[in-house]
Amino acid sequence: MPYNTTVYRPGNNLRLATFWMWPNRHYRIADSIEFSMDVEIAWCHRCEEFVECERLYTEQEIQDSIDKIAAWDWEDEDSHRIASWVERARNYPDSSDGIPMDLTCQALYDAWVAALAWRKARKTPPRCLECGSFFAIVVIPHGKDVPHPGGDGLVRIGGGEHGSFSSWPTQLFYNAEGLLIDQLEYQEWRRLRSRPLTESEREAAP
Ligand SMILES: [Zn+2]
C-alpha cells in the first residue's frame with residue numbers, strides 16, 4: 001500500500017495537492033521489456049496544477065542496479081528473501097502474494113541492461129504525466145521551501161502518510177519517450193505475468 005506525497009504551504013501547513021505514489025507506471029520498450037518509471041512532483045504551466053512527472057534515472061543509477069543484481073550473494077539475507085519470493089511464485093503461480101513469475105533475477109538483470117540502452121538513446125526531457133509536455137514543467141525539490149511556480153508564496157513537499165486501499169490502480173505503460181501507450185487493470189496485468197515458467201526458464205532460473 002502506498003505512501004503519499006503532499007504539496008503544502010510551509011507557513012500554515014495548508015495542503016495544496018496530494019499524490020499517492022503507487023508504483024503503477026512502467027516503461028515498455030522493444031515490445032516486451034518493462035521496467036518501472038520513477039516519478040516526482042512538478043508544477044505544470046500547461047495543466048496549471050501540481051502534477052506527477054517523470055524523473056529520468058541517471059545512467060549511473062541504472063548501472064548501479066545492474067551491478068547490484070549481478071553481485072547478488074545468495075548467502076545474503078536479502079538475496080534469500082528474494083529467492084524465496086521467486087520460489088513461491090514458481091510453486092504457486094496463482095498465489096496473489098507471489099511475485100510475478102517472470103521476475104526472476106535474470107529477467108531483472110535483462111530489464112536493467114535494456115534500461116541503460118534506453119537511457120542513452122532517450123531524446124526528450126522528462127514529461128508531465130498529465131499532458132505529456134516537457135517544456136512546461138518545474139520540478140519541486142524535496143524538503144525545501146520554494147516559490148510557488150504558478151502562484152504566490154512558498155510551497156514545500158512533504159508527506160509520508162500511509163494509505164490503505166481496497167484495490168490496486170490501473171497499470172500504465174509508456175514508450176521510450178515517456179508517452180502513454182497502454183493501460184491494464186491490475187488483475188489483468190498480474191494474470192498476464194503469472195504465466196507458468198517454460199522448461200528452459202525453469203532450468204535457467206537461479
Ligand atoms: Zn501538464
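**A core, a sheet and a hairpin**

Leaving aside residues up to four places away in sequence, C128 is in contact with A42, C44, R46, C47, V51, C53, S133, A136 and I137. The model in which these contacts are found is a predicted one.

C128 also belongs to the largest nonpolar core, a set of 25 residues. Together with A42, V51, C53 and I140, C128 is among the residues that have the most contacts inside this core. Several elements each supply at least two of the core residues: strands β3 (25-29), β5, β6 and β9 (154-162), and helix α3 (105-121). Strand β5 gives the largest share, with five residues. Both domain 1 (1-56 + 125-206) and domain 2 (58-121) contribute, each with at least three residues.

Strand β5 leads on to the sheet. Three strands make up an open, antiparallel sheet, in the order β6-β5-β7. Strands β6 (49-55) and β7 (137-139) each have a single partner strand and stand at the edges, so one side of each has no neighbour in the sheet. On average, and with direction ignored, neighbouring strands here are turned by 50° against each other. The antiparallel pair of β5 (residues 38-44) and β7 is joined by three bridges. In this pair, A42 lies opposite V139 of β7.

F173 has D182 in β11 as its bridge partner. The two strands form a hairpin with five residues between them, and G178 in this hairpin adopts a positive phi near 85°.

Note on methods
Residues are numbered from 1 along each chain as its sequence is written. This is a predicted model: local features need pLDDT of at least 70, side-chain atom pairs count only at pLDDT 80 or more; totals for chains, interfaces and linings use all residues. Two strands pair if DSSP finds at least two bridges between them. Helices (H or I, at least four residues) and strands (E, at least two) are DSSP runs, numbered from the N terminus. Axes are lines fitted to C-alpha atoms, for helices over the stretch in contact, and angles run from 0 to 180 degrees between N-to-C directions. A nonpolar core is a set of buried Ala, Val, Leu, Ile, Met, Phe, Trp, Tyr and Cys residues joined through C-beta atoms within 7 Å. A residue is buried if 20 or more other C-beta atoms lie within 10 Å of its own, exposed if 12 or fewer, and partly exposed in between; C-beta atoms are placed from the backbone. Domain bounds come from an automatic or database domain assignment. Two residues are in contact if their C-beta atoms, placed from the backbone, lie within 7 Å.
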